[in-house]
Amino acid sequence: MKTKTEAKRLAILKGAADVFREVGFERASMSEIRARIGGSKATLYNYFPSKEKLFFEVMYHAKERELASITHTLNPDADDLKEELLHFGQRLLAALYSPEAIAIRRLAIAESRHSNIGKIVFEGATLPIEKQVAEFLRKGMKGGALRTADPKIAAMQLLSLLESELLQRVLLGVVSSVKPEALNSAARRAVETFLSGYGRR
Amino acid sequence: MSKSDSKRQAILENAYRLFRAQGFDGTSMAHITSEVGGSKATLYSHFPSKEELFVECMMAALENYMSGTLQHLDASRTDLRLALLNFGSSVLNFVCSPEQLEVRRLIIAEAARSGTGKLFFDKISTLRAHVSAFLSACMASGTLRADDSNLAADHLGALLEAEILEPLLLHVRDVSPEAEEIALAVKRAVAAFLRAYAPAGRQRRPNVWRVPPPVEKESHSGGDQVCVGT
């Protein structure tokens with residue numbers, strides 16, 4: 001078997017990304033990806049043992065960067081805490097409910113017993129988001145806009161509320177995509193509920 | 001149990017075991033037949049497709065659980081906080097059990113295929129409808145502020161799962177939580193929910209939630225039925 005090269009690996013990733021984008025994760029096949037990049041099926045499998053692993057490699061890192069950029073926009077010095085949370089919630093949901101992000105998430109859950117994908121997603125995406133949101137809320141509590149509570153718990157509750165209306169529907173494939181207006185109004189209702197619980201009155 | 005019922009039960013039990021051990025793709029109707037005994041025709045007379053059999057056996061545990069857990073809402077109608085605490089503990093104990101986590105992973109893995117996800121979602125919606133009806137009664141009596149009760153049910157469910165579910169589902173954490181950890185998570189979730197859905201003007205007194213007695217029973221005469229705590 002030939003030695004693996006970085007150039008070949010990148011070529012496979014690029015070809016696979018195109019196929020995934022065009023036909024989606026479910027309908028993409030290793031044969032089609034091989035046809036796109038040329039070479040033998042054995043070579044392809046030598047680099048990536050399964051469609052799942054390949055998909056994860058192609059899609060996950062871009063998504064992780066996207067999520068990080070959204071969380072970093074949370075500004076604790078913003079004048080209007082509600083507006084800030086609302087904006088964050090809407091951007092977060094838009095990123096989480098893109099077809100690729102849904103496929104990644106489903107894969108992470110489905111494969112968590114047999115691979116480390118679940119761990120990668122949890123440590124690379126879930127935890128950093130939680131941490132940033134908790135930090136934002138901690139400052140809000142300190143500044144008096146929010147009542148004092150455990151910011152980590154509050155962050156987990158806010159994130160869970162944001163997904164409360166959509167997560168099951170999407171993971172169970174009841175809807176394949178969510179319209180931006182639906183995402184925005186779900187985010188608004190979640191933020192309002194969160195602030196009725198944590199806002200100062 | 002009739003002969004046909006016991007056959008059906010044997011099919012469900014064997015299929016459940018095989019699906020959990022080998023996944024949906026790794027399990028064939030032929031294999032299930034050989035485990036149960038009898039003919040493939042008999043198997044198909046009970047379950048017309050592998051998809052339907054999968055949904056049926058994955059749902060069996062949820063069905064049993066639902067009838068039990070919903071009683072918590074009805075049984076503690078005189079004290080909303082207590083009702084939600086009992087209900088919440090029951091929900092989390094169920095969804096955090098290793099068996100249910102594995103079932104959920106399987107369901108999500110299969111959801112995009114063959115419409116099985118929709119069947120599960122319908123089942124979950126039945127549970128939500130019960131919770132929503134309960135919350136709606138609390139809103140009507142003024143124990144909770146008036147709002148969309150379906151939304152309130154979604155928010156309650158999300159708050160209950162907020163601290164615990166994801167690391168388990170992603171297998172970052174292997175050991176299911178002990179009763180104490182669940183109790184603490186439920187307490188915080190219910191506190192957040194009751195604050196968020198408190199009737200106007202009562203947000204500062206989170207310990208006074210009382211549900212009026214069920215309408216079919218004789219009601220107390222006089223006094224404030226909604227708010228009798230301290």
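Student: What share of the 201 residues in chain A is buried, and what makes a residue count as buried?

Tutor: In this predicted model, buried residues make up 43% of the 201 residues in chain A. The term applies to a residue if 20 or more other C-beta atoms lie within 10 Å of its own. For chain B, 36% of the 230 residues count as buried.

Student: Which residues of α5(A) are buried, and what covers them?

Tutor: In α5(A), the buried residues are Leu81(A), Glu84(A), Leu85(A), Phe88(A), Gly89(A), Gln90(A), Arg91(A), Leu92(A), Leu93(A) and Leu96(A). Their cover includes α4 (51-72), α6, α7, α8 and α10 of chain A.

Student: How far should the 16 residues of helix α5 of chain A span, and how far apart are its end C-alpha atoms?

Tutor: The expected span is 1.5 Å times one less than the number of residues. For residues 81-96 of chain A this comes to 22 Å, and the end C-alpha atoms are 22 Å apart, so the two values agree.

Student: How many helices and strands does the secondary structure of chain A come to?

Tutor: Chain A has ten helices and zero strands, and along its sequence the pattern reads α-α-α-α-α-α-α-α-α-α. Chain B likewise comes to ten helices and zero strands. The C-alpha atoms of chain A fill a box of roughly 70 × 35 × 30 Å along the principal axes.

Student: What share of the contacts in chain A with a separation of 6 or more joins residues 24 or more positions apart?

Tutor: Such pairs account for 65% of those contacts in chain A. In chain B, 61% of the contacts between residues at least 6 apart in sequence join residues at least 24 apart.

Student: How close do the axes of α7(A) and α8(A) come, and at what angle do they cross?

Tutor: The axes of α7(A) and α8(A) come within 8 Å and cross at roughly 115 degrees, and the crossing is right-handed. From α7(A), the contact draws on Ile129(A), Glu130(A), Val133(A), Ala134(A), Leu137(A), Arg138(A) and Met141(A). From α8(A), Pro151(A), Lys152(A), Ala154(A), Ala155(A), Met156(A), Leu158(A) and Leu159(A) take part.

Student: What makes Glu130(A) a charged residue of that contact?

Tutor: Asp, Glu, Lys and Arg count as charged, so Glu130(A) falls in that class. By class, the contact of α7(A) with α8(A) has eleven nonpolar, no polar and three charged residues.

Student: Which residues of α7(B) and α8(B) meet?

Tutor: Arg128(B), Val131(B), Ser132(B), Leu135(B), Ser136(B) and Met139(B) in α7(B) meet Ser149(B), Asn150(B), Ala152(B), Ala153(B) and Leu156(B) in α8(B). This contact has six nonpolar, four polar and one charged residues. The axes of α7(B) and α8(B) come within 8 Å, crossing at roughly 115 degrees, and the crossing is right-handed.

Student: Why is α1(B) called oblique to α2(B)?

Tutor: Their axes come within 9 Å and cross at roughly 125 degrees. Angles of 65 to 115 degrees count as roughly perpendicular and those over 145 as roughly antiparallel. The value lies between these ranges, and therefore α1(B) is oblique to α2(B). The crossing is right-handed. Ala10(B), Ile11(B), Asn14(B), Ala15(B) and Leu18(B) of α1(B) make the contact with His31(B), Ile32(B), Glu35(B) and Val36(B) of α2(B).

Student: What decides whether His171(B) counts as buried or exposed?

Tutor: The cut-off for a buried residue is 20 or more other C-beta atoms within 10 Å. His171(B) has 21 C-beta neighbours inside 10 Å and therefore counts as buried. His171(B) lies in the loop between α9 (165-169) and α10 (179-196) of chain B. Its phi is near 65 degrees, a positive value in a residue other than glycine.

Student: Why is Ser125(B) called partly exposed?

Tutor: A residue is exposed with 12 or fewer such neighbours and buried with 20 or more. Ser125(B) has 14 other C-beta atoms within 10 Å, so the label partly exposed applies. Ser125(B) is placed in helix α7 of chain B.

Student: How many residues of chain A are in contact with chain B?

Tutor: The contact joins 31 residues of chain A to 30 residues of chain B. On the side of chain A that touches chain B, α6, α7, α8, α9 and α10 each supply at least two residues. The largest share, six residues, comes from α8(A).

Definitions and conventions:
Residues numbered from 1 in each chain as written. Chains lettered and ligands numbered in written order. Predicted model: local features only at pLDDT ≥ 70, side-chain atom pairs only at ≥ 80, totals over all residues. Contact = placed C-beta atoms within 7 Å. Helix = DSSP H or I, 4+ residues; strand = E, 2+ residues; numbered from the N terminus. Axes fitted to C-alpha atoms, helices over the stretch in contact; angles between N-to-C directions. Parallel < 35°, antiparallel > 145°, perpendicular 65-115°, else oblique. Left-handed = near helix turned anticlockwise from the far one by under 90°.
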